[in-house]
Amino acid sequence: MENKRIPFLDLQRVNDSFEPELSEAIGRVVRSGWYLRGEALRRFERDYAGYCGTDYCVGVGSGLDALTLIFLAYRQMGLMQEGDEVIVPANTFIATILAVERAGLKPVLCEPSSRTCNLEAEDVEELIGPRTRALLPVHLYGRVADMDGLMELARNYGLKLVEDAAQAHGAMYTHSDGTLARVGALADAAAFSFYPAKNLGALSDGGAVTTDDEELVDTVRALANYGSAEKYVHIYKGINSRLDEIQAAVLDLKLARLDEDNERRRRIAGHYLRGIDPDRVGVRIDLPAMQNHVFHIFPLFTPLRNQLQEHLHACGVATQIHYPIPPHCQQAFQFEYGSLSLPLTERLHREELSLPIFPQLTDEEVQRVIDAVNSFGAC
């Protein structure tokens, strides 16, 4: 019997693994007759703040909104002005940059580390100028950025530090003194996405802001509710960005198993790291600190990316590219960055290929992926 094709991600298998509790949680919300800003949201905000180790969590409509609202709030609080600069990694998903621009601020693109694909403090410091107001590291692929170095920079220069944690739900960071802290509690504020494909995924778009800053959280809540903290009293020109009750109930259910699912991702990544022969295949695989990584994505890098993808497709293995076009080369940013050259970022985007990695992959499927990758070198 022919082997079944291995998907890059199978959300039906993911969600089926939470049944029947998932359908029961949704049914309770539907039967309650209350669908926005209710008990399910309050419970999830409380539980997710506790999980991350922060005082507050605010559920919003998407990860993009979460980041945007943080910076809009800082502007309302008088900490930033239109045109102030935020340093971001050049190799991020476009939403990171869109959020900064939506808030009326200027993204300054920084080349990442070739080893980690994340921001490094020494590269960031070279870009800090008189209008810099914030640093915005992205925990790309589920790997935590070098936060100790960035925290020191933020303190020394009086900057805000904001985490884009859209790919890193549940990741832990080991500080230089050996203490552990979870993503979401490593900066002044953090933004999460709960897009269905995330390690902690809803059944639609969703996002959250985590922080210990009470003024920030109050401002974010009001901005996300049409600028209103009291019904029909609008103190800001806000937006409509709310995490609905069904998504909150789904996320709260899934949160209870997040650490277990992340550990399964680490085990799959360990199989890949031990089983794939990078020299034979001609790929680069970084060897990360496993405790600081939740493997939302498992990337390979090779100049023969397109050929490898075609080969894996022929072997019945689905893959994805994260991401084929870097933000500064997108038509949307032609005016701002059209003449900018960022060779490392461009190479990463030209060479990256992501293998399947979700908790419901079987060991047999993982071995088939390994065998398929290794067979590329024999072609």
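The questions below cover helices, cores, cysteines and backbone geometry in this predicted model.

User: How far apart are the end C-alpha atoms of helix H3, and what span should its 14 residues give?
Analyst: Helix H3 covers residues 39-52. At 1.5 Å a residue, its 14 residues should span 20 Å. The end C-alpha atoms agree with that, being 20 Å apart.

User: Which residues of H3 are buried, and within what arc do they fall?
Analyst: The buried residues of H3 are Ala40, Leu41, Phe44, Glu45, Tyr48, Ala49, Tyr51 and Cys52. They line one face of the helix, because seen down the axis of H3 they fall within an arc of 160°.

User: Which exposed residues sit on the face of H3 turned away from its buried side, and which residue follows the helix?
Analyst: The face turned away from the buried side of H3 carries two exposed residues, Arg46 and Gly50. After H3 comes a residue with a positive phi, near 90°. That residue is Gly53.

User: In the largest nonpolar core, which residues touch the most other members, and which element gives the most?
Analyst: This core has 47 residues. Tyr48, Met147 and Phe194 touch the most other members. Elements giving two or more residues include helix H2 (21-32), helix H7 (147-157) and helix H9 (245-255). The element that gives the most, with seven residues, is H3.

User: How many residues does the second, separate core have?
Analyst: Its members include Leu67, Val86, Val88 and Val209. This second core is separate and has 34 residues.

User: Which residues of helix H12 are buried, and within what arc do they fall?
Analyst: H12 covers residues 305-314, and its buried residues are Arg305, Leu308, His311 and Leu312. Seen down the axis of H12, they line one face, because they fall within an arc of 125°.

User: Which elements pack against the buried residues of H12, and which exposed residues are on the face turned away?
Analyst: The buried residues pack against strand E12 (298-301), helix H14 (343-351), strand E13 (352-355) and helix H15 (363-376). The face of H12 turned away from the buried side carries the exposed residues Glu310, His313 and Ala314.

User: How many disulfides are there, and how far is the sulfur of Cys57 from the closest cysteine sulfur?
Analyst: A search of the whole structure finds zero disulfides. Cys57 is buried, with a relative accessible area of 2%. Its closest cysteine sulfur is in Cys52, too far for a bond because the distance is 7.0 Å.

User: Which cysteine has the sulfur closest to that of Cys329?
Analyst: Cys329 is partly exposed, with a relative accessible area of 44%. The closest cysteine sulfur is 16 Å away, too far for a bond. That sulfur belongs to Cys110.

User: Is Arg266 buried or exposed, and which backbone oxygen does its side chain reach?
Analyst: Arg266 lies in helix H10 (residues 258-275). Arg266 is buried because its relative accessible area is 15%, under the 20% cut-off. Its side chain reaches, at 2.9 Å, the backbone oxygen of His293.

User: Which residues are joined by cis peptide bonds, and what is omega?
Analyst: Most peptide bonds are trans. A cis bond joins Glu19 and Pro20, with Pro20 in the loop between H1 and H2. Another joins His322 and Tyr323, with Tyr323 in the loop between H12 and helix H13 (334-337). Omega is about 5° for Glu19 and Pro20, and for His322 and Tyr323 about 5°.

User: Are Tyr141 and Tyr232, each with a positive phi, buried or exposed?
Analyst: Most residues other than glycine have a negative phi. Phi is near 70° for Tyr141 and about 70° for Tyr232. Tyr141 is in the loop between strand E4 (132-135) and H7, while Tyr232 is in the loop between strand E10 (228-230) and strand E11 (233-234). At 7% relative accessibility Tyr141 is buried; at 68%, Tyr232 is exposed.

Conventions. Residues numbered from 1 in each chain as written. Predicted model: local features only at pLDDT ≥ 70, side-chain atom pairs only at ≥ 80, totals over all residues. Heavy atoms only, no water. Buried < 20%, exposed > 50% of the residue type's maximum accessible area, 1.4 Å probe, protein only. Helix = DSSP H or I, 4+ residues; strand = E, 2+ residues; numbered from the N terminus. Arc of directions from axis to C-beta. Contact = heavy atoms within 4.5 Å. Expected span 1.5 Å × (residues − 1). Disulfide = S-S within 2.5 Å. Polar contact = N/O pair within 3.5 Å; in protein donor to acceptor, adjacent residues only side chain to side chain. Core = buried A, V, L, I, M, F, W, Y, C linked by side-chain atoms within 4.5 Å.
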